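Dear colleague,

Please find the structure for your review below.

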Amino acid sequence: MSYKSLNSTALPRMLLAGGAALIAAAVIWLVVADGNAGAAGTPDSDTTAAATTTATTATTATQAGTTTAGSTTAGTTTTSTQGGSSSKAPASKSAAPAAGACDPNMDPFGCPTGNGDFKVPPPPEEPTLIPTIATKTTTRLYGANPYQEAVSVTQHIWPAAIPLNAPGENDNDPDRPWALTLLVPNDPLTAITATPLIHFPDDAPVLYVTKNGIPKVTLNEIKRLGDTGISRYNNVDAFLVGDAANPAVESKLKSIGLITKEVTGSSVPDLANTVDQLYGSIQNPDTGVPAMDNGAENVMIGSMDGTDYRYLLPATHWVAHMASGLAWVSKNSVPQATIDLLKRRNGNARIYLFGGPDQISGSVASQLAQYGTVLRVTNNDNVAFNANPVDNPVDTAIAFAKMWDGAGEVGWKITGPGHGFTLVNINDWQAGVASAPLSHLGFHAPLLFTNGPTQLASDVDGYLSSVAPTYLTTPADGPYNMTYVIGSWSQIDWAQQSHIDYISEMGNRRLWNTNSGATYGSSAPIP
């Protein structure tokens, strides 16, 4: 077996992954009440806020930026930031002005007043759809807590607009999911471990429940989605993973007609092994091992120590996108359950370690190499750096978004425009997991992190600027980028969202001072 390092400068090759297309009938809405999405929240406080659009929503919209009849259509609030990437973006409003303190540089004609001049209702056919805010190149999927965040994601992706008995609806995955993956929002290791179940043929997005039942906002979304059931796996409607497998959740689901499957383990590594066996039996019943179309048997591995799971969070979006295994180690040891998972690959595993030696030691990497080829996903590059750079989850996520390993068909290989991205606060792992379906359908948007609510990480700023589109003839030629911003205004504020919109806009590559941006060919693979 071999052991080598892989990073974002690896030789690019063709990534045959999903295209960039918006879900049909997607409707952009105004936001609901603000809050802290990083906290698990309580079902009681969650349900009313998530299911009801209040006057507060329009207040947020008008405070975030001036809305006029010319710039707001079909419920979409559009900011008038200038396009291009040749200079630093202007400052944005970060909060509503105090009374009598209107800034003439921000609002030269006076501050807007009121709490929104009109309200956008949900469509009559879907009264539980939740409003949100979009700009030219960003879409806010709002949630004041994890329950709401997960619902905002599934509502964006699956319209569930066609009757279940319509011809072809059983296979119509863009309209309805085939199943659900239910988790509790207070256990990051278990939640990350469950994400391989999202990918086809399960097609099972994440929703959050509690140890004692199902919050109203989640229950309403389960009913709205009306999943088809997994035809090739006993018509199962919901995987109940970890503490989500409790009597209160199970009895409620059964009472409304769902078929459930409990997925549990005595430890996180044991659970990962169980998920791998379950998903493998559905995705590749001939061998029971998840495999790519070229036969690659890939496994994403992270460290269970402390908050090192953050390094593996970007892998949740990959395993939602492509058939893969996911497993755990500690910095200096390998659990037996992980060894068992790898042994099923009969020496053919392609093992991707997320993080540097401070997260997963060289001795562990060497031990894992007994079971296949080991590659690191890290910000290191022994050509670019004389000394090893300090690794962190933000840089690791960018490295994974750029990298491409042709042998395993792994990596997003995004070094140019025409792509989607998902942005979450590094402290909001629940949003990172719940947003993984954004890499499963639609724009196929890999995960990136911001360090806090008010400042975009400088490396992420640079990366998004570098892949911003530029044109030579006309901006109508495209392509265009889209960044999904997940969570409440206290997780990622309006200033960050509007800044991303600014740096992601189409620019003129012929301008003498354009110093960033690219064309779609910048990501084209080398044959």
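In this predicted model, Leu-182 has Leu-207 of strand β5 as its bridge partner. The two strands concerned, β4 (residues 180-183) and β5, run parallel and are joined by three bridges. Helix α5 (residues 216-225) packs on the sheet there and touches both β4 and β5. The direction of α5 makes about 150° with that of β5.

The sheet itself is open and consists of four strands with parallel pairing, in the order β5-β4-β6-β7. Its edges are formed by β5 (206-208) and β7 (260-263), each of which pairs on one side only. On average, neighbouring strands of this sheet are turned by 25° against each other, direction ignored.

Strand β15 has parallel pairings with β3 and with β12. Four bridges join it to β3 (residues 138-141), where Leu-141 stands opposite Ile-486. Four bridges likewise join β15 to β12 (residues 420-425), and in that pairing Leu-423 stands opposite Val-485.

Turning to the helices, α8 (residues 309-319) is mostly covered, with ten of its eleven residues buried. Among the buried residues are Tyr-309, Tyr-311, Pro-314, His-317 and Trp-318.

How do the axes of α7 and α9 cross, and at what angle? The axes of α7 (residues 268-283) and α9 (residues 336-343) come within 7 Å and cross at roughly 20°. The two helices are therefore roughly parallel to each other, given that angles under 35 degrees count as such. Their crossing is left-handed. On the α7 side, the contact is made by Pro-269, Asp-270, Ala-272, Asn-273 and Asp-276; α9 contributes Ala-337, Thr-338, Asp-340 and Leu-341. By class, this contact has four nonpolar, two polar and three charged residues.

With kind regards

Key:
Residues numbered from 1 in each chain as written. Predicted model: local features only at pLDDT ≥ 70, side-chain atom pairs only at ≥ 80, totals over all residues. Heavy atoms only, no water. Buried < 20%, exposed > 50% of the residue type's maximum accessible area, 1.4 Å probe, protein only. Pairing = 2+ DSSP bridges. Axes fitted to C-alpha atoms, helices over the stretch in contact; angles between N-to-C directions. Contact = heavy atoms within 4.5 Å. Parallel < 35°, antiparallel > 145°, perpendicular 65-115°, else oblique. Left-handed = near helix turned anticlockwise from the far one by under 90°. Nonpolar A, V, L, I, M, F, W, Y, C, P; charged D, E, K, R; others polar.
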